[in-house]
Amino acid sequence: MQLVGWAGIAVHLVVGLAYAFTGLLAPSWAVGLLWALWGALLAMALLVRRSRPWLAAVTPLIAMAAWLAALALGERLLGWTA
């Protein structure tokens, strides 16, 4: 079961690459907020990986969904363009 938690954290780090390229699509204040969210999700995954490894495994999905939603809303409502 420990492997599930560590795998979730590894995938979460890979999702961080998408967050790294956010500066090409969004203003700096939004990039900062998204990085804060990504870091909070990483901290949560590290804290729960032993007691609830399934939650650590779901963390990358939450991070990616939040990233996609933020960029879609920013484009639609705030006029962000690439």
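In helix α3, the buried residues are P53, L55, A56, T59, P60, A63, W67, L71 and G74. Buried here means under 20% relative accessible area, exposed means over 50%, and partly exposed lies in between (1.4 Å probe, protein chains only). Helices (H or I, at least four residues) and strands (E, at least two) are DSSP runs, numbered from the N terminus.

This is a predicted model, in which local features need pLDDT of at least 70, side-chain atom pairs count only at pLDDT 80 or more, and totals for chains, interfaces and linings use all residues. Residues are numbered from 1 along each chain as its sequence is written, and side-chain values use heavy atoms, with hydrogens and water left out. The pLDDT is the predictor's confidence in each residue, from 0 to 100. Its mean over the protein is 93, and 99% of the residues reach 70 or more.

The protein has three helices and zero strands, and from the N terminus its elements run α-α-α. The C-alpha trace spans about 45 × 15 × 15 Å along its principal axes. Of the 82 residues, 35% count as buried.

Helix α3 covers residues 53-78. The expected span of a helix is 1.5 Å times one less than its number of residues.

Helix α1 contains both G5 and L17. G5 is buried because its relative accessibility is 0%, whereas L17 is exposed, at 52%. The C-alpha atoms of G5 and S51 are 46 residues apart along the chain and separated by 9.4 Å.

L17 also belongs to a nonpolar surface patch with V14, F21, L24 and L25, and together they have about 520 Å² of accessible area. Areas come from the Shrake-Rupley method with a 1.4 Å probe, and for residues only the protein chains shown count as cover.

The loop between α1 and α2 holds P27. P27 is partly exposed because its relative accessible area is 25%. The C-alpha atoms of P27 and V4, 23 residues apart along the chain, are separated by 35 Å.

Conventions:
Patch = residues over 30% accessible without salt bridge, like charges linked within 9 Å, V, L, I, M, F, W, Y side chains within 5 Å. Salt bridge = Lys/Arg side-chain N within 4 Å of Asp/Glu carboxyl O.
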